Amino acid sequence: MDYNSYKKSAWTTFIACFLANCVAGCHYCWSVLSKSMITEYGFTATQATLPYTVFGILSGFFCILGGAIAEKLSPRITVLTGGICLGAGLFLTGLTTNPTVMLLTIGVLVGYAGGVLPNTDSMTAGKWFPHKKGMITGGCAIGVGLASVY
């Protein structure tokens with residue numbers, strides 16, 4: 001691979017990782033959603049916050065596990081499964097008003113994605129820029145933080 005192709009592939013990878021992290025950070029809007037669930041669906045405060053609690057616990061666990069999976073299998077498989085779980089979790093959450101189902105959709109499915117996507121994306125993008133690893137992983141992390149803006 002010549003230098004120009006490498007450079008183009010590296011920046012394409014960074015942009016893809018940044019955008020994936022913009023979507024993966026959707027959990028930062030949970031406080032807005034939980035208030036609506038209490039007022040519109042009649043959830044108790046516990047029912048409205050428990051899916052996010054499960055999400056937080058599992059995303060931390062899957063963050064560690066996701067790095068190991070990416071190293072053993074491949075980052076592509078890890079990001080693909082994370083994206084599928086994120087999409088399925090958000091889609092299925094939109095179809096239900098049952099707090100128990102939301103534990104599975106937001107807590108488990110989106111929790112898996114919230115753990116593996118930012119970790120794997122930052123790790124992968126950093127490998128393309130060994131001389132700017134801190135800047136690139138920081139740029140990917142900005143994507144997670146910007147998720148609550150849109």
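The legends below describe an overall view and several close-up views of one predicted model.

**Figure 1. Overall view of the protein chain.** In this predicted model, local features need pLDDT of at least 70 and side-chain atom pairs count only at pLDDT 80 or more, whereas totals for chains, interfaces and linings use all residues. Residues are numbered from 1 along each chain as its sequence is written, and side-chain values use heavy atoms, with hydrogens and water left out. The protein chain holds six helices and zero strands, where helices (H or I, at least four residues) and strands (E, at least two) are DSSP runs numbered from the N terminus. Along its principal axes, the C-alpha trace spans about 60 × 30 × 25 Å. Of the 150 residues, 37% count as buried, a term that means under 20% relative accessible area, with exposed meaning over 50% and partly exposed in between (1.4 Å probe, protein chains only). Among contacts between residues at least 6 apart in sequence, 76% join residues at least 24 apart, a contact being heavy atoms within 4.5 Å.

**Figure 2. Close-up of the packing of helix α1 on helix α6.** Two packed helices are described by the angle between their axes and the distance between the axes. Helix α1 (residues 3–24) packs with α6 at an angle of about 30 degrees, and their axes are 6 Å apart; axes are lines fitted to C-alpha atoms, for helices over the stretch in contact, and angles run from 0 to 180 degrees between N-to-C directions. The two helices α1 and α6 are therefore roughly parallel to each other, given that angles under 35 degrees count as roughly parallel, over 145 as roughly antiparallel, 65 to 115 as roughly perpendicular and the rest as oblique. From α1 the contact draws on W11, F14, C17, F18, N21 and C22, and from α6 on I136, G139, C140, A141, I142, G143, V144 and L146. Sorted by type, the residues of this contact of α1 with α6 comprise 11 nonpolar, three polar and no charged; Ala, Val, Leu, Ile, Met, Phe, Trp, Tyr, Cys and Pro count as nonpolar, Asp, Glu, Lys and Arg as charged, and the others, Gly among them, as polar.

**Figure 3. Close-up of the packing of helix α5 on helix α6.** The axes of α5 (residues 99–128) and α6 (residues 133–146) come within 8 Å and cross at roughly 150 degrees, which makes α5 roughly antiparallel to α6. On the α5 side P118, D121, S122, A125 and G126 take part, and they meet K133, I136, T137, C140 and V144 in α6. The residues of this contact of α5 with α6 divide into five nonpolar, three polar and two charged.

Figure 4. V144 lies in α6 and, at 10% relative accessibility, counts as buried. Not counting residues up to four places away in sequence, V144 touches N21, C22, G25, Y28 and P118. V144 and T105 are 39 residues apart in sequence and, C-alpha to C-alpha, 20 Å apart in space.

Figure 5. A search of the whole structure finds zero disulfides, a disulfide being a pair of cysteine sulfur atoms within 2.5 Å. C17 is in no disulfide, and the nearest cysteine sulfur, that of C140, is 5.0 Å away; with 7% relative accessibility, C17 counts as buried. C85 is likewise in no disulfide, the nearest cysteine sulfur being that of C26 at 13 Å, and C85 is buried with a relative accessible area of 18%.
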